[in-house]
Amino acid sequence: MKVSRLWGGFAAVFFVLLAGCSGTPDLDQGRSFRLTEVDFDDLPGFYTDDFSAALPALRRSCCRAGAKWKTFCADLPAAGASSDQVRDVVKRHLVPYAVSVNGSNTGRVTGYYEASLTGTRTKTKDGQVPVYAPPYGYKYGQKLAPRAKIEQDELFDAPIIAWADDPVELFILQVQGSGRMVTPDGEIKLGYAGNNGQPFKGLGTIMAKEGIPAQYRHSMNDIKRYLQDNPDEAQEIMHQNPRYIFFKEQTGDSPVGAAGVVLTPGRSIAVDPAFVPMHTPVWLATTLPDGQPLERLVVAQDKGTAIKGGIRADFFFGHGEEAFYASGRMHKPGQYYLLLPKNDK
């Protein structure tokens, strides 16, 4: 039987399904957020996806999931299980719900990746752009100076982790939220550690306002090329985004998403936690930049400044140049379905 529920009536039930959920939803904003129970047969590509590829992401989130997920997580097979084995566990314990907002089941799907840049541990003729940790005495959420002032203040009171070779690459690292720096002394893993509390403004919007032709701002790839080819203009453009990101050096596997688990390329997404709690399995239905279907099981394990709304996902492509080019061109309409535990009997 298919059941349709408004978010406002379902929120109390839904938000106890997960431990460590990120905040409480804005119920006034979410009144038009509707979950409608559907059949697994209604999920595009459900019987062609390789469910075994989603197993690492599922198991990582199960380590942090609450009591309502206990039965599902306990039944997940070990690494090496077949796609059918994982699919059977999903069907046995979860129920799919189609998501709609204001009567529409279509939203926007973008992409992101783990950024990569070069630099040095100490300031050199090549490494000239500081990569800051949070300032001394920093409290998460406090409002600090905008980007332009931070970058122009030679006495900015914050530890410097390393020095980047290219300000554009560092800016992209800040947009992505985490990444790796290659230095002559080895690789530095950089994780998100906070921001300056200023609003975020996208480069594409800024460049359009400046009258830069659309061909130079069609994708992040185009934007990066334009900024690197026009360094004097690039600084002025980047300074118009007041948001500034601070980093911390990480050890172990990376990158780690907002849910506190290592992201899985092709199986982790960033969502708006006001609507979709961290660790929720999601069935994503969209297309890749080359037009190929992207229909698969993913897990909500991250969030982002620009990821806002009831049907909004940022698909994690992984690390490297191929991931950069794919994520930079990913801007597609899409749908998703939340996979929630069956009600206790």
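I started with the exposure of Thr287: at a relative accessible area of 29% it is partly exposed, where buried means under 20%, exposed over 50% and partly exposed in between (1.4 Å probe, protein chains only). This is a predicted model, where local features need pLDDT of at least 70, side-chain atom pairs count only at pLDDT 80 or more, and totals for chains, interfaces and linings use all residues. Residues are numbered from 1 along each chain as its sequence is written, and side-chain values use heavy atoms, with hydrogens and water left out.

Next I checked where Thr287 sits: strand S11, residues 281-287 (helices, H or I, of at least four residues and strands, E, of at least two are DSSP runs, numbered from the N terminus). Leaving out residues up to four places away in sequence, I found Thr287 touching Gln292, Pro293, Leu294, Met330 and Lys332, with contact meaning heavy atoms within 4.5 Å. I also took the C-alpha separation of Thr287 and Ala133, which is 37 Å for 154 residues along the chain.

Then the cysteines. How many disulfides are there by the rule? I get one, taking a disulfide as a pair of cysteine sulfur atoms within 2.5 Å. Cys62 and Cys73 are the partners, S to S 2.0 Å. Cys62 belongs to helix H2 (residues 55-62) and Cys73 to helix H3 (residues 70-75), eleven residues apart. The S-S torsion of Cys62 and Cys73 is about -80 degrees, so I noted the disulfide as left-handed. Cys62 and Cys73 are both buried.

Cys63 counts as exposed, at 69% relative accessibility.
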